[in-house]
Amino acid sequence: MQAGIIPRTLFVLLGLAASWTAFAEAQEEGTWKNALQAKFFGDKPIEEGNAVVELTAPYRAEDPALVPIQIAGKIPQTPEKYIKHITLIIDNNPVPFAASFDLTPASGKADLAMRVRINAYTHVRAIAETNDGKLYMNKVFVKASGGCSAPIGADLDAAMARLGKMKFRLDTDKAALGQPNPVQLLISHPNITGLQMDQISRLVKPAHYVEEVKLSFNGAPVMTAKTDIAVSADPNFRFYFVPDKAGELKAEIRDNTGKTFTASQTITE
Amino acid sequence: MLAALFRIARTALLGFWAGAALALPELDLREIAPGIFVHQGLYELPDTHNRGEIANIGFVAGERCVAVIDSGGSPEQGRALKAAIAARTAVPVCYVINTHVHPDHIYGNRAFKAPGVSFIGHHKLPQAMAMRAPYYIEKATRDLGYTLTAEDFVPPEVTVQDRMELDLGGRTLALTAHGPAHTDNDLSIYDAKTGTLWAADLLFIGHLPVVDGSLVGWLKEIQNLKAVPAKRAIPGHGPVISDWPSAIAAEERYLEQLAADVRTAIKQHKTMEQAMDSAGTSMRNDWLLFDEFNKRNVSSAFAALEWEDD
């Protein structure tokens, strides 16, 4: 917008806009309170705050097809007390359930990061369940950006050509034994939502997305994720695992068409 | 609610200014070469105030008929363009060329729908339109302050696979379908008669280039575009330039530096979030709307370049 003299009425309008935004955000709780909470958690009490789980997401999504989010577990993963399950919900997405993660003490840290599609102005919430069955929730509000892309991958053909390829990324060649080690898993999959309605042509592709991601180390589960169409094309997960010795980190992926893919990474001491 | 207020204010203002007889604001068009008319858009983000009317749009007139090149950022701007064409030439519109799928270039399409008018686009444009339409319709209501329907999306019935020539009578337009670059459905148009390259959003002047296709692909297409023996070029955003191909150097420099910065971040095992805070920032002062688009350029480049070695 051009700089210049701003009429008083514009200030009034801006003020209105600010209060409208606050109002809209408060309203946004409706979907959660009236439908989603009961659907996913019944009438179980949920403690809200960031003492057990903390969600980080940009207030303004630069690219609605690729919104980086991080979930941090705030308690150490010990056999006595740990986060065993995290659910990620995006209230105003066509499919609010984005992903859920089963974690164990072998995860070391209940820290997760991924990229998601955000279709609208919405709350995003991470709900953690500890091994004693208690629920903790942290939420953030995200505005899908005004940019010019849509929540779909821009170069679908490139993604299809690599379908099922996977890569592990570790910070160092050698793992630190007995400690949480960060790992990144890159999966090449277009994760087509199938929700782009056919208003114009017959050229819309059916849904095709990764449904399950199983991570194990020497056969013992580290993290199992159930994922849905909100996960961005070429799913990218960051997580932790605690190796007790050298071995093999393995990823097993299944998509909604039943296709499975596996990849493994040798971990040296 | 705010959008509604703006609408009311706008309608009232327009009514006051134009009177009841003239419903459309006049579109400012400049003849930049014989028979080539361009309306230069604003360096702004699309919003309820500018209604998304921010891109360069216009037309090329031959002896037989007119080719519209990008129809406008709103249905109303499409109608204004149509009226402006009728005021400047007696020959009818026979083609509407959409250079790519973005709203600021296609939302005027509906105004031109008529017997004898062919809509033309990249062979991937119909798919891109279909996939984005529902999202774009929702966004228009929220961000642009007007309501769109599926009928506002007029897909091309003639698509360009590689190259195509359009005879307008006394001049022939050469259309080129590009590989993934600004989007995955970019079309450029060359008028040999005047040596004018209508590069649309393959060329950004002043406005930060926006990557919604492929960063690496765009750099490749820039090499192809540089070989076009044009005297002048029309960008999708910014003024018409007469120093082709040197005028595309700034865009190329930005995209190259962006790619280099993102590759370095990936090599250093940085996250996308970290890269978004640093990549490209050395060029912040060279561009308008840098803060509005650089981060999204980084994120899409990062997601693509992660798979580069494979």
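Reader: Which backbone nitrogen lies 3.1 Å from a polar atom of the side chain of His189(A)?

Author: In this predicted model, His189(A) lies in the loop between β11 (181-187) and β12 (210-217) of chain A. Its side chain has a polar atom 3.1 Å from a backbone nitrogen, and that nitrogen belongs to Asn191(A).

Reader: Thanks! Which side chain is joined to the side chain of His189(A) by a polar contact of 2.9 Å?

Author: Let's start from the neighbours. Leaving out residues up to four places away in sequence, His189(A) touches several residues, including Leu163(A), His208(A), Asp255(A) and Phe261(A). The polar contact of 2.9 Å is made with the side chain of Asp255(A).

Reader: Is His189(A) buried or exposed?

Author: Buried means under 20% relative accessible area. The relative accessibility of His189(A) is 0%, so His189(A) counts as buried.

Reader: Let's turn to the rings. How is the pair of Phe40(A) and Phe97(A) arranged, stacked or edge-to-face?

Author: A pair of aromatic rings is described by the distance of the centres and the angle of the planes. The structure holds 12 aromatic pairs over all chains. For Phe40(A) and Phe97(A), the centres are 6.1 Å apart and the planes are at 25°. Planes under 30 degrees apart count as stacked, so the pair of Phe40(A) and Phe97(A) is stacked.

Reader: How many residues apart in sequence are the parts that this pair ties together?

Author: Phe40(A) lies in helix α2 (residues 29-41) of chain A, and Phe97(A) lies in strand β6 (residues 97-103) of chain A. Phe40(A) is partly exposed at a relative accessible area of 27%, whereas Phe97(A) is buried at 18%. The parts tied together by the pair are apart in sequence by 57 residues.

Reader: And what is the angle between the planes of Phe101(A) and Phe237(A)?

Author: These two rings form an aromatic pair with 6.2 Å from centre to centre. The pair links distant parts of the chain, with Phe101(A) in strand β6 of chain A and Phe237(A) in strand β14 (residues 236-241) of chain A. Phe101(A) is buried at 0% relative accessibility, and Phe237(A) is buried at 2%. The pair is edge-to-face, and the angle between its planes is 75°.

Reader: Which residue with positive phi follows α2(A)?

Author: The buried residues of α2(A) include Trp32(A), Leu36(A) and Phe41(A). Following the helix comes a residue with phi near 60°, and that residue is Gly42(A).

Reader: Now chain B, please. What is the phi of Asp70(B)?

Author: Asp70(B) lies in the loop between β4 (66-69) and α2 (75-88) of chain B. Asp70(B) is buried, with a relative accessible area of 0%. Although Asp70(B) is not a glycine, its phi is positive, at about 65°.

Reader: One last question: over which ring does the charged end of Lys167(A) sit?

Author: Here a residue of chain A meets a ring of chain B. The charged end of Lys167(A) is 5.2 Å from the centre of that ring, which belongs to Trp307(B).

Methods. Residues are numbered from 1 along each chain as its sequence is written. Chains are lettered from A and ligands numbered from 1 in the order in which they are written. This is a predicted model: local features need pLDDT of at least 70, side-chain atom pairs count only at pLDDT 80 or more; totals for chains, interfaces and linings use all residues. Side-chain values use heavy atoms; hydrogens and water are left out. Rings of Phe, Tyr and Trp (its six-membered ring) pair if their centres lie within 6.5 Å; planes under 30 degrees apart count as stacked, over 60 as edge-to-face and the rest as tilted. Helices (H or I, at least four residues) and strands (E, at least two) are DSSP runs, numbered from the N terminus. Buried means under 20% relative accessible area, exposed over 50%, partly exposed in between (1.4 Å probe, protein chains only). A charge sits over a ring if NZ of Lys or CZ of Arg is within 6 Å of the ring centre and within 35 degrees of the ring normal. A polar contact is a pair of N or O atoms within 3.5 Å; within protein, one must be able to donate a hydrogen and the other to accept it, and residues adjacent in sequence count only if both atoms are side-chain atoms. Contact means heavy atoms within 4.5 Å.
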